[in-house]
Amino acid sequence: MTEPAKGSTARRDPAASGERDEPARSTVDRWFALYPALALAALLPVGAATPLFPVDLGVATFALGTLAVGMAHGAVDHLVPLRAAPGVSLRRSIAVVSVAYAVLGGAVVAAFFLAPVAAFAGFVALTWLHWGQGDAAALALAGVEHLPTSAERWLSLVVRGGLPMGVPLLAHPAEYRLVAEWVVGLFVAEPGAAAAAVDPLFVPETRLAVGGVVIAATLASVGAGYVRVRGGASRRGWLRDAGEVAVLWAWFLLAAPVFAIGVYFALWHALRHVGRLTLVDPGAAGALAAGDVRRALARFARDAAPLTLGGFLVVGTVGLAAPAGVAAPGDLLAASLVGIAALTLPHVVVTAWLDRRQGIWRPGTGG
């Protein structure tokens, strides 16, 4: 067995650690995925009422969700290589991830200053990828049997990421456009310039194309899963997948976009990723195996606290540096989204590395 590198903390190889520990995985699946999905389903009547209220309600909800768990879910990325791969030292883990965040995050912020419309569209596409990536990984780690190939998991990614990013564009284009104008407006100070700049993103052809992709991918993914069930795969996993997809379709069709994304980000995406990361922390995984979710979360909160504050500093810096300034709730949301975009690209890279370690996209190769 490989000895831990100098400067590393004691940890187990992922092949024998919490991510393969069935009691811990079962606890994570229940508390960080299943229960939140049921909670979102219970909130559907509330979501359906939100288009009747001012968008400021959505802005407040997004801010609260980001404060509560959204920003924290990526704030232990600097420890992921240390915990998920044997032989990686603490110093190397922190150094590599820090460089990735500085270089990639800086490039994203520069892109918003240089080409804000393209940067906004790129952020939407990146979030589509990442949120689909998170859900596909959650299904794989839950052991569903109807997604046995890379192609089927990538199709699931297209569906799961497309629901929060594409369905609001189909169902609530006015508020979606408003957010785009807020973001672009941070960097285009002339009156009316932001509205004109985002016009190409919101032509009917774009909405229909995005909606068509999400609908077609949903039907293809659910249908392919059913074929697998007919071939002997577990029906339970497929029903859960289809049920979650139905809840997400309903949520993003009914709820106002900013409110819908704020709740989804905190209650669904971030929690699932937090649960996944507790499985590669031996101390948290041990607590989860014993059913002690509180202790596992306390360990995660301790590890995430410093860089969660750093994330809010990034948002504040974007707000101070934006040419148009931050003077209204919409501007605050826009600055938050740009800051989150800067953190998302390196976070996606770290998550993709973890996906590879765990064999998410090449079933049977994890470890």
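1. Contact, as the word is used in this note, means heavy atoms within 4.5 Å. Apart from its neighbours within four places in sequence, Thr344 is in contact with Phe123 and Leu126. The model is a predicted one, in which local features need pLDDT of at least 70 and side-chain atom pairs count only at pLDDT 80 or more, whereas totals for chains, interfaces and linings use all residues. Residues are numbered from 1 along each chain as its sequence is written, and side-chain values use heavy atoms, with hydrogens and water left out.

2. Thr344 is placed in helix H15 (residues 329-358); helices (H or I, at least four residues) and strands (E, at least two) are DSSP runs, numbered from the N terminus. Thr344 counts as buried because its relative accessibility is 10%; buried means under 20% relative accessible area, exposed over 50%, and partly exposed in between (1.4 Å probe, protein chains only). A polar atom of the Thr344 side chain lies 2.6 Å from the backbone oxygen of Ile340.

3. Thr308 belongs to helix H14 (residues 293-321). With 11% relative accessibility, Thr308 is counted as buried. The backbone oxygen of Ala304 is reached by the side chain of Thr308 at 2.7 Å. When residues up to four places away in sequence are not counted, Thr308 touches Met71, Ala72 and Ala75.

4. Where does Leu186 lie? Leu186 is found in the loop between H8 and helix H9 (193-197). The relative accessible area of Leu186 is 1%, and the residue is therefore buried. Not counting residues up to four places away in sequence, Leu186 touches Ala322, Pro323, Ala324, Gly325, Val326, Asp331, Ala334, Ala335 and Val338. From C-alpha to C-alpha, Leu186 and Ala321 are 9.3 Å apart in space, while 135 residues apart in sequence.

5. Helix H6 (residues 116-141) and helix H8 (residues 173-185) have axes that come within 9 Å and cross at roughly 130 degrees. Axes are lines fitted to C-alpha atoms, for helices over the stretch in contact, and angles run from 0 to 180 degrees between N-to-C directions. H6 and H8 are therefore oblique to each other; angles under 35 degrees count as roughly parallel, over 145 as roughly antiparallel, 65 to 115 as roughly perpendicular, and the rest as oblique. H6 and H8 cross in a right-handed sense (left-handed if the near helix is turned anticlockwise from the far one by less than a right angle, right-handed if clockwise).

6. Which residues of H6 and H8 meet? Pro116, Val117, Phe120 and Val124 in H6 meet Tyr176, Ala180, Val183 and Val184 in H8. By class, this contact of H6 with H8 has eight nonpolar, no polar and no charged residues. Ala, Val, Leu, Ile, Met, Phe, Trp, Tyr, Cys and Pro count as nonpolar, Asp, Glu, Lys and Arg as charged, and the others, Gly among them, as polar.

7. The axes of helix H7 (residues 150-171) and helix H11 (residues 235-254) come within 8 Å, crossing at roughly 25 degrees. H7 is therefore roughly parallel to H11, and their crossing is right-handed. Residues making the contact include Arg160 and Leu163 of H7 and Asp241 and Glu244 of H11. By class, the contact of H7 with H11 has eleven nonpolar, no polar and three charged residues.

8. Gly237 is also a residue of helix H11. Its relative accessibility is 12%, so Gly237 counts as buried. Leaving aside neighbours within four places in sequence, Gly237 is in contact with Val144 and His146. The C-alpha atoms of Gly237 and Val179 are separated by 36 Å, the two residues being 58 residues apart along the chain.

Definitions and conventions:
A polar contact is a pair of N or O atoms within 3.5 Å; within protein, one must be able to donate a hydrogen and the other to accept it, and residues adjacent in sequence count only if both atoms are side-chain atoms.
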